[in-house]
Amino acid sequence: MEGQQGINNPKTVQALILTGFGINCEEEFAAAYRLAGAEATIVHLNEVMHGHVSIHDYDILNFPGGFSFGDDLGSGVVLANKLRHRKNAAGRTLLDDIKQFIANGKFVMGICNGFQVLVKLGLLPNLSGNVTPEVTLTHNASGRYEDRWVRLKVNPKSNSPFLKGIDSMEVPVRHGEGRLIIKGEETLAEIEARGLNCLAYTDYDGSPTDVYPHNPNGADLNCAGLTDTTGQVFGLMPHPEAFLSLYNHPDWARRKRQNPGLSEEGDGLKLFRNIVEHVHSQRATAATQQEAHQFSS
Ligand SMILES: NC(=O)CC[C@H](N)C(=O)O
């Protein structure tokens with residue numbers, strides 16, 4: 001599999017993309033990072049679980065979409081349990097490593113089935129900091145698998161570097177279990193107050209809506225994506241990695257005719273550019289600080 005040989009240029013931002021067990025969107029995810037200037041490595045989960053690949057060699061850990069374990073027991077549930085309970089030879093679970101990874105200031109992204117995994121694991125929204133599930137994703141209100149384009153609005157309260165400078169975007173959804181349920185007034189109020197409900201489904205005018213099909217699943221708060229309280233962990237039901245080029249959009253020809261100067265980048269690419277640029281600037285700041293420290297000592 002491409003990229004499995006490991007890191008070629010450690011100076012480049014490194015994205016690790018997990019696959020296996022029915023995940024099926026890893027190539028698009030890798031393409032997104034490569035277009036954004038990062039190096040993307042696709043690795044089977046077993047390689048990481050068995051300790052042959054360390055997530056700590058990477059800057060961004062990514063859980064792609066698909067049908068892990070055939071959606072048995074609910075989408076993302078089996079994989080989340082594996083991450084929480086399966087110990088490697090050193091007696092550590094992958095969740096132990098992921099917690100350390102986040103504490104080290106690194107980033108985690110989950111798309112669709114990947115988002116479901118992060119929610120079932122409790123990494124999103126993780127209000128308590130204890131990584132226990134606080135919300136859930138379940139069957140769409142329509143009772144059907146939804147495969148359509150939607151419009152999203154970014155919550156201006158969100159502090160996540162993934163969403164910096166983005167106001168709205170169009171992206172496709174394809175899922176059966178995308179309905180976010182937030183139980184308990186307090187949990188809901190805290191998510192809203194902290195802007196963790198970072199993306200909302202909107203109508204054509206850009207107003208958040210619960211009206212089907214603009215809102216494809218009936219999610220609470222019309223919510224399409226969440227971050228944790230640090231903004232380092234981000235997940236969403238729609239697929240930004242499926243809109244990297246204007247030509248991915250079903251209406252591209254008419255739009256290009258009406259506006260020949262239209263950018264040929266898809267809306268989804270900005271997310272990946274954002275996080276890659278953020279890691280670059282973090283590194284530059286760290287290098288300057290180190291230089292200043294060396295100079296003064
Ligand atoms: N595209 C996906 O990742 C789908 C996620 C999940 N299998 C669902 O149907 O809800």
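Which polar backbone atom is 2.7 Å from an oxygen atom of the ligand? I looked this up and found that the atom belongs to G66.

Before going on, I noted that this is a predicted model, in which local features need pLDDT of at least 70 and side-chain atom pairs count only at pLDDT 80 or more, while totals for chains, interfaces and linings use all residues. Residues are numbered from 1 along each chain as its sequence is written, and side-chain values use heavy atoms, with hydrogens and water left out.

I then listed the other backbone pairs: a nitrogen atom of the ligand lies 2.9 Å from a backbone N or O atom of R174, and an oxygen atom of the ligand lies 2.9 Å from a backbone N or O atom of E177. The ligand has 290 Å² of accessible area on its own, of which the protein covers 98% (Shrake-Rupley method, 1.4 Å probe).

Next I examined the shell, where 14 residues surround the ligand, with G66, D71, C112, R174 and G176 the closest (a heavy atom within 4 Å counts as near). By class I recorded three nonpolar, eight polar and three charged residues, with Gly counted as polar.

Finally I turned to the largest nonpolar core, which has 79 residues, and in which Y33, L199 and F272 touch the most other members (buried residues, under 20% relative accessible area, joined through side-chain atoms within 4.5 Å). Helix α8 (residues 269–296) gives the most to this core, with six residues.

Notes:
A polar contact is a pair of N or O atoms within 3.5 Å; within protein, one must be able to donate a hydrogen and the other to accept it, and residues adjacent in sequence count only if both atoms are side-chain atoms. Buried means under 20% relative accessible area, exposed over 50%, partly exposed in between (1.4 Å probe, protein chains only). Helices (H or I, at least four residues) and strands (E, at least two) are DSSP runs, numbered from the N terminus.
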